[in-house]
Amino acid sequence: ADAYKNALAPSGILSIAASLAVGGGAVAGALAVNHLTGHVQTQVENVTISANVVNFLSGMSGAVQSYVVGAAGGGLGLAGAIGVNTIAGHTQTQVTNASLTLKGNSTVAATQDLNRTALTGTVAAGAIAGGFGLVVNTLSGNVAATVTGGSITAGSGAFDVLAMRTGTIRAYAIGVSLGLLGALGGGVAVN
């Protein structure tokens with residue numbers, strides 16, 4: 001017989017914020033704030049298991065996609081776009097005071113795969129123009145797999161305890177300004 005206990009939590013956010021202003025004095029601003037949080041835990045305590053294979057897994061996967069755009073045009077054109085994205089994930093697999101007799105490959109694992117794509121952009125045009133884009137991405141939390149107390153008798157297979165976090169961050173901040181008398185544009189990405 002085999003023994004499995006899994007806790008999996010997929011999640012995601014897609015946000016789009018945009019603004020447009022046209023006139024003698026045009027000001028446009030767009031803001032997106034996204035917060036993805038989760039706690040995934042698999043816990044096995046005070047048990048006796050004899051099995052071919054034992055797999056205990058906690059897994060969290062998540063993606064945040066944020067697109068923020070501001071555009072302004074006029075005698076005075078000012079545009080701003082700000083995107084703030086946070087992911088706080090806690091993933092834990094615990095085996096405590098268990099007596100395990102295993103014949104085949106077995107695993108205690110905790111995994112996270114967290115991905116972010118963020119784009120902020122501005123376009124400003126006029127006699128005097130200014131545009132600024134800012135994106136801030138943060139990642140916090142922990143990933144842990146533990147086996148404490150009890151006993152493990154392994155047969156011919158492997159017994160693995162793994163904790164792994166993977167992910168990607170793609171952040172783009174763009175500011176474009178076109179002005180007859182003066183222009184200022186900028187973009188900042190903070191990860």
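Among the elements of the protein, strand 4 has the highest mean pLDDT (93) and strand 7 the lowest (89); pLDDT is the predictor's confidence in each residue, from 0 to 100. Strands are DSSP runs of E with at least two residues, numbered from the N terminus. The protein averages a pLDDT of 91, and 100% of the residues score at least 70. This is a predicted model, in which local features need pLDDT of at least 70 and side-chain atom pairs count only at pLDDT 80 or more, while totals for chains, interfaces and linings use all residues. Residues are numbered from 1 along each chain as its sequence is written, and side-chain values use heavy atoms, with hydrogens and water left out.

- Three strands, in the order 3-5-7, form an open sheet with parallel pairing; two strands pair if DSSP finds at least two bridges between them.
- Strand 3 and strand 7 are at the edges with a single partner strand each, so one side of each has no neighbour in the sheet.
- From one strand to the next, the twist averages 5°; the axes behind this angle are lines fitted to C-alpha atoms, and angles run from 0 to 180 degrees between N-to-C directions.
- Four bridges link strand 3 (residues 48-51) to strand 5 in the parallel sense.
- Within that sheet, Ser50 has Thr101 of strand 5 as its bridge partner.
- Strand 5 is also joined to strand 7 (residues 151-154) by four bridges, and these two strands run parallel.
- Opposite Ser99 stands Ser151 in strand 7.
- In strand 5 (residues 99-102), Leu100 and Leu102 make up the covered face, and Ser99 and Thr101 the uncovered one.

**Nonpolar cores**

- A nonpolar core is a set of buried Ala, Val, Leu, Ile, Met, Phe, Trp, Tyr and Cys residues joined through side-chain atoms within 4.5 Å; buried means under 20% relative accessible area, exposed over 50%, and partly exposed in between, with a 1.4 Å probe and protein chains only.
- The largest nonpolar core has 13 residues, of which Ile49, Val54, Phe56, Val95 and Leu100 touch the most other members.
- At least two residues of this core come from each of strand 3, strand 4 (53-96), strand 5 and strand 6.
- A second, separate core has seven residues, including Ala21, Ala26, Ala28 and Ala129.
- Leaving out residues up to four places away in sequence, Leu100 touches Ile49, Val95, Ser151, Ile152, Thr153 and Phe159; contact means heavy atoms within 4.5 Å.

**Thr93 in strand 4**

- Thr93 is found in strand 4, and it counts as buried because its relative accessibility is 0%.
- The side chain of Thr93 reaches the backbone oxygen of Ala109 at 2.6 Å. This is a polar contact, defined as a pair of N or O atoms within 3.5 Å; within protein, one must be able to donate a hydrogen and the other to accept it, and residues adjacent in sequence count only if both atoms are side-chain atoms.
- Beyond four places in sequence, residues touched by Thr93 include Thr42, Phe56, Leu57, Val108, Ala109 and Thr146.

- Gly121 is in strand 6 (residues 106-148) and counts as buried because its relative accessibility is 13%.
- Not counting residues up to four places away in sequence, Gly121 touches Val68, Val69, Gly70, Ala81 and Ile174.
- From C-alpha to C-alpha, Gly121 and Val161 are 44 Å apart in space, and they are 40 residues apart in sequence.
- Gly75 lies in strand 4 and counts as partly exposed because its relative accessibility is 39%.
- Apart from neighbours within four places in sequence, Gly75 is in contact with Gly23, Gly24, Gly126, Ala127 and Ile128.
- Gly75 and Val190 are 115 residues apart along the chain, and their C-alpha atoms are separated by 32 Å.

- Most residues other than glycine have a negative phi.
- Asn46 is a residue other than glycine with a positive phi, near 50°.
- Asn46 sits in the loop between strand 2 (25-45) and strand 3, and it counts as exposed because its relative accessibility is 58%.
- Asn97 is not a glycine either, and its phi is positive at about 50°.
- The loop between strand 4 and strand 5 holds Asn97, which is partly exposed, with a relative accessible area of 42%.
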